[in-house]
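Please keep the sequence and the 3D view open as you go.

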Amino acid sequence: MGVVLCFQASATSPPSQPRLVDSYQAGSQYLAYPRPAYGLPRLTDAPKGYVPFHIEHYGRHGSRWLLNNEKYDRPVEYLEKADRYGKLTPRGKLLLEQLTKIRDDSRGRVGELTPLGHRQHRDIARRMTENFPEIFVPGTHVDAKSTVVIRCILSMANEIAELQKICPGLTVTCDASRTTQKILAYNSTDTVAKKLSHDAEHLSDAYAEKHRDMTSFISKVFNDPTFVADSLKPYKVFKGVFDIAINTQSHDDQPDLYDLFTPEELHNEWLGRNADWYISAGNTSLTNNRVPYNQRVLLRNIIESADTAMVSPRLSANLRFGHESIVLPLTILMGINNSAFDTTDLDQLEANWRNYEIFPMGSNIQMIFYRPKKKAALTPDEVLVKVLLNEEEATLPLTPVSGPYYRWTDVRRLYADKLDNFSVRFAE
């Protein structure tokens, strides 16, 4: 995808923690869906005699423009002010031209899906049919639901269009309404969780400040660091340009701005953002391990939908489309790939918890259900399930039957117990 950078461990991190990542991963949730570029591993064959019959899914919208006009306006305004005083370097003047064009192109587009975002979901749908051809056959019922946000609706539309192109005989239903919003983008009424997260924000803020480095960036863009310090807001300038730079990967025609940042600057900014997402969504004792349960309504919906599929004679797939702020805590609540890692030491995150691995643009969770091929009657104990995170086989905090395959009754009990215990513990 881009330049490969070796992000060195911070001075306060154990020396065994350097991570090899590419420059785009420094964008956290702005990372464009990466798997097709890196190549997908072959999926593990199902146990002998088992075939897939149902899918439960939650996916984030695809690559998009930044969310509001201010994100494009402010960096231009800062650089225009510096330019009026003759404080831009040649690279700074070029940057001003680049940002001005990007700003102008963004008009009427903020928050919307880009052409890449459309393609991501068509590609995901195509691979879904390739991975599980037994499910996508004439007569299969595909139920798709989206939040009311247009980029999510368009993501859903692209996946459905591709599925129907490949298999015209599918029976498809779609919805996007305030009713679906309550499940797919649940705004928790848990005021305690909100307060815990808010009260802990100072920890991630302090951690980010400790690691922040803008020296090289300032010198590349401005010829007078004192002017920047006195007349501008240095970090707001850095952050504004950084946000646009890391989201250029969402577009086919925007310039690569990564030459503005050193690997260390990219890494240090990512460290702070990784910590911020961990505080706001992670399973950490710093917030009494409570915040991921904001997605308890969605997880119950997945369980109930899967239970319904168990007793239905037809093949099916339930597809849901929403946002990274849902994918992240849902992944953690489900305990996928050790994402429920708990620490109060933010220096431990880099080695154990990396946000970009969970929620890039187009990220998705797929639960694939399997049953014995030649069995006329089906009992819950016979159903197996495999979980994919971003189309890669994932682990759960359970003992599998074989490889990535788990008994559904075990998975169901794990999640039902977690949700029931939460209700009892916090008197929901």
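What pLDDT does the protein chain average, and what share of the residues score at least 70? The chain averages a pLDDT of 91, and 91% of the residues score at least 70; pLDDT is the predictor's confidence in each residue, from 0 to 100. This is a predicted model, in which local features need pLDDT of at least 70 and side-chain atom pairs count only at pLDDT 80 or more, while totals for chains, interfaces and linings use all residues. Residues are numbered from 1 along each chain as its sequence is written, and side-chain values use heavy atoms, with hydrogens and water left out.

**Confidence**
- Residues 1-18 have a pLDDT below 50.
- Beyond near neighbours in sequence, this stretch has 54 contacts in the model, where a contact means heavy atoms within 4.5 Å.

**Nonpolar cores**
- In soluble globular proteins, nonpolar side chains tend to be buried together.
- A nonpolar core here is a set of buried Ala, Val, Leu, Ile, Met, Phe, Trp, Tyr and Cys residues joined through side-chain atoms within 4.5 Å. Buried means under 20% relative accessible area, exposed means over 50%, and partly exposed lies in between (1.4 Å probe, protein chains only).
- The largest nonpolar core has 87 residues, and Leu-79, Phe-222 and Trp-408 have the most contacts inside it.
- Helix H11 (residues 263-281) gives the most to this core, with eight residues. Helices (H or I, at least four residues) and strands (E, at least two) are DSSP runs, numbered from the N terminus.
- Leaving out residues up to four places away in sequence, Phe-222 touches Leu-79, Ala-82, Lys-87, Leu-88, Thr-89, Val-228, Leu-232 and Val-237.
- A second, separate core has 24 residues, including Leu-43, Phe-132, Cys-167 and Tyr-405.

**Aromatic pairs and a cluster**
- There are 15 aromatic pairs in the structure. Rings of Phe, Tyr and Trp (its six-membered ring) pair if their centres lie within 6.5 Å; planes under 30 degrees apart count as stacked, over 60 as edge-to-face and the rest as tilted.
- Phe-217 and Phe-261 are a stacked pair, because their ring centres are 5.3 Å apart and their planes are at 5 degrees.
- This pair links distant parts of the chain: Phe-217 is in helix H8 (residues 215-221), and Phe-261 is in the loop between helix H10 (234-247) and H11, 44 residues apart.
- Phe-217 is buried at a relative accessible area of 0%, and Phe-261 is buried at 5%.
- Tyr-235 and Phe-238 are also stacked, because their ring centres are 6.1 Å apart and their planes are at 25 degrees.
- Tyr-235 and Phe-238 both lie in helix H10, three residues apart, about one turn of the helix.
- Tyr-235 is partly exposed at 23% relative accessibility, whereas Phe-238 is buried at 0%.
- One aromatic cluster is formed by Phe-217, Tyr-235, Phe-238, Phe-242 and Phe-261.
- Arg-212 has its charged end over the ring of Tyr-235, 3.6 Å from the ring centre. A charge sits over a ring if NZ of Lys or CZ of Arg is within 6 Å of the ring centre and within 35 degrees of the ring normal.

**A covered helix**
- Helix H13 (residues 324-334) is mostly covered, with ten of its eleven residues buried.
- Among them are Glu-324, Pro-329 and Met-334.
- Gly-335 follows H13 and has a positive phi, near 70 degrees.

- Gln-254 is in the loop between H10 and H11, and it is buried, with a relative accessible area of 16%.
- The side chains of Gln-254 and His-251 make a polar contact (3.5 Å). A polar contact is a pair of N or O atoms within 3.5 Å; within protein, one must be able to donate a hydrogen and the other to accept it, and residues adjacent in sequence count only if both atoms are side-chain atoms.
- Leu-315 lies in the loop between helix H12 (296-310) and strand E6 (316-322) and counts as buried at 19% relative accessibility.
- The C-alpha atoms of Leu-315 and His-141 are separated by 6.4 Å, although these residues are 174 residues apart along the chain.
- Arg-42, in the loop between helix H1 (35-38) and strand E3 (50-60), is exposed, with a relative accessible area of 66%.
- The side chains of Arg-42 and Asp-45 are joined by a polar contact of 3.1 Å.
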